[in-house]
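Visitor: I have a structure to look at and would like to go through it step by step. Could you show it to me?

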Amino acid sequence: MKLFTYNAETSALAITQAKKELGDEFSIISQKKLANGNYEISVAISEEEFNKNKDNQDNQESSIKTNNIAQRLELIAQKELERKRSLQNTQSPLPEEVSLQLSDAVRQISQIAGVATKMPPAKSPYPQEDKLKSNIPKEETPTKEHKKSKEYKQGLGELKIIQNEINRLNDKIKLIQNMFWEERGPKKEGLIIPHEFAEIYRIAKASGMLKEHLEKIMQLTLELMPIKMRENSILIKRYFREVLRKMVYARTENLNSNAKNIMMLVGPTGVGKTTTLAKLAARYSRLLNRHYKVGIITLDTYRIGAVDQLMFYAKKMKLSIDTVVDTEEFINALDSLKYCDYILIDTVGSSQHDRAKLQALKSFVNADSNSKVDVSLVMSATTKYEDLKDIYHTFSTLGIDTLTFTKLDETNNYGNIFSLIYETKKPTNYFSIGQEVPNDIKVASSDFLIDCLLDGFIRA
C-alpha cells in the first residue's frame with residue numbers, strides 16, 4: 001500500500017491532481033483545511049494498482065481521444081467551480097442559472113466527443129443512451145453486407161467506448177451540480193462524505209432519518225463499497241439501498257393453522273387501530289388462499305362509535321365479536337373463541353402519558369397464562385421520530401412483539417420509521433397504506449419501506 005498527499009486551493013483540485021498521477025483506483029484517507037486556506041487530502045493506493053497505472057501512462061498515446069475528453073471535462077468543471085466560488089460573496093445564482101451552466105458544459109463535452117449535436121433541455125442535461133444510435137443519419141444506415149465488415153464491427157467497438165465515456169461524463173456532471181458540497185456537507189470528525197455520495201446523503205437526510213443513524217450507515221457504506229462502483233451514481237444508490245434493506249426487520253406473516261394466533265393492537269389515539277383490525281380480519285377470513293376462522297374482541301368501550309364500527313365489519317364478514325370490560329370477561333371471551341384460527345383484539349387508544357390506561361392494558365395482556373398474546377404497537381407514519389420513540393418506550397411495558405405502521409400514504413418521509421426499527425430492533429408486520437377496507441394493507445417488507453424512503457410512496 002502506498003500513501004500520497006496532495007494540497008490545492010480546493011479539495012476538488014487536490015483530488016484532480018491525485019487522479020492525474022494515480023488514476024481512479026485510490027481511497028481518500030483524510031481531508032482537511034490548512035491554515036493558509038488550502039485543502040489537503042491523503043490518499044492510499046495498492047502496489048498493484050500503482051504499478052498498473054504507471055504502465056498505463058506509458059501507453060497513453062493509444063487513447064488520446066478518450067483522455068482528452070476527460071481532461072477537457074475536468075477543466076470545464078474546475079472553471080465552473082472557481083467561477084461560482086468567486087461569486088459566492090457577491091451573488092447567489094438561481095437554480096435555473098446553474099442548470100444553464102451545466103447545459104453549456106454538456107454541449108461542450110458532446111462537441112468534443114463528436115457524438116451529439118442537439119442537447120436536451122437545461123432541466124435534464126443527461127443524454128439518453130439511445131441518442132448515440134438516433135444520431136446516425138438515415139442515408140448512412142448500414143446495409144447487411146456492411147454490418148459484416150471488419151470496419152463496421154470496429155466502428156461499433158469505438159461507439160461503445162464513446163458511449164461508456166458519455167455515461168461517465170454524466171456522473172461527472174452530477175459532481176458539478178454538487179458544487180460546494182465540502183462547505184455544506186456534514187462536518188464530523190472521522191466522517192467525510194465524498195462528492196459522489198452527496199445526492200444519496202441528501203435524500204436519506206431529507207427522509208427524516210435520525211442523523212446519528214444516517215452517519216453510521218454512511219460510514220459503513222463508505223467502508224464496504226468497492227472503489228470502482230463509486231464511479232456510477234446509479235450503482236451508489238443501488239448499493240446504499242441494499243445496505244438499508246439489511247437493517248430493516250420484517251416479520252413474515254404467520255399462517256400456521258395448527259396454532260391459535262392471538263393479536264392485540266395497542267397504540268395512541270387516532271392512529272387507525274380499529275380500521276387496521278378490520279383489514280386484518282378481512283384478510284384472514286376472505287382474501288387469502290384459505291379462509292381462516294376469525295374472532296374479534298374489543299376492549300374499547302370508551303370511544304363513541306368504536307363498538308358500532310367493529311360490529312358493522314363483523315356482521316358484514318360474518319365474524320364472531322365479543323365486547324369485554326374486565327379481565328374475567330376477557331378470559332371467558334378467549335375461551336369462547338378458541339375454535340378460531342385468529343383472535344384479533346382491539347383496544348382503547350391511550351396517550352403514552354396516561355399510565356392508568358397502560359396499566360389496565362397490561363392486566364389484559366397477562367390475564368390468561370395459557371394464551372400467548374402477540375402485542376402489536378400501531379403507530380402513524382406521519383409521527384416524527386422523537387414522538388415515535390417516546391410512544392415505543394412507554395408502551396414497551398406491555399411487551400411489544402411487533403410494530404404496525406399506518407398512514408404511509410399520508411407522508412413523503414419514511415426515515416422516522418426506519419430509524420425506529422433500526423433503534424429498537426423490533427420487527428414490523430404490516431403497513432396500512434390507505435383507508436379502504438380490506439385492500440389498503442400490505443405485509444411489511446424491507447423492500448417496500450426502503451423503496452418508499454428513497455423513491456417516495458408508490459401504490460402497487
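**Helix, sheet and salt bridges**

Visitor: At the start of α14, which residue has a backbone nitrogen that a side-chain oxygen of Asp326 reaches?

Guide: This is a predicted model. At the start of α14, a side-chain oxygen of Asp326 comes to within 3.2 Å of a backbone nitrogen. That nitrogen belongs to Glu328.

Visitor: Within what arc do the buried residues of α14 fall?

Guide: Helix α14 covers residues 327–336, and Phe330, Ala333 and Leu334 are buried in it. Seen down the axis of α14, its buried residues line one face of the helix, because they fall within an arc of 100°.

Visitor: What covers the buried residues of α14?

Guide: The cover includes strands and a helix. Among them are β4 (261–266), β5 (294–298), β6 (320–323), β7 (342–346) and α15 (355–365).

Visitor: Which residue in β3 is the bridge partner of Thr5?

Guide: β1 and β3 run antiparallel. A residue of β3 also stands opposite Ser30, and that residue is Ser42. The bridge partner of Thr5 in β3 is Ser42.

Visitor: Which residue in the turn of the β2 and β3 hairpin has a positive phi?

Guide: The hairpin has five residues between its two strands. In the turn, a phi of about 95° belongs to Gly37.

Visitor: How many residues apart in sequence are the parts that Lys237 and Asp455 tie together?

Guide: Lys237 and Asp455 form a salt bridge, with their closest N and O atoms 3.1 Å apart. Lys237 lies in helix α11 (residues 233–245) and Asp455 in helix α18 (residues 446–455), so the parts tied together are apart in sequence by 218 residues.

Visitor: Is Lys338 buried or exposed?

Guide: Lys338 forms a salt bridge with Asp335, the closest N and O atoms being 3.8 Å apart. Asp335 is partly exposed, with a relative accessible area of 47%. Exposed means over 50%, and because Lys338 has 53% relative accessibility, Lys338 counts as exposed.

Definitions and conventions:
Residues are numbered from 1 along each chain as its sequence is written. This is a predicted model: local features need pLDDT of at least 70, side-chain atom pairs count only at pLDDT 80 or more; totals for chains, interfaces and linings use all residues. Side-chain values use heavy atoms; hydrogens and water are left out. Buried means under 20% relative accessible area, exposed over 50%, partly exposed in between (1.4 Å probe, protein chains only). Helices (H or I, at least four residues) and strands (E, at least two) are DSSP runs, numbered from the N terminus. The arc is that of the directions from the helix axis to the C-beta atoms. Contact means heavy atoms within 4.5 Å. A polar contact is a pair of N or O atoms within 3.5 Å; within protein, one must be able to donate a hydrogen and the other to accept it, and residues adjacent in sequence count only if both atoms are side-chain atoms. Two strands pair if DSSP finds at least two bridges between them. A salt bridge is a side-chain nitrogen of Lys or Arg within 4 Å of a carboxyl oxygen of Asp or Glu.
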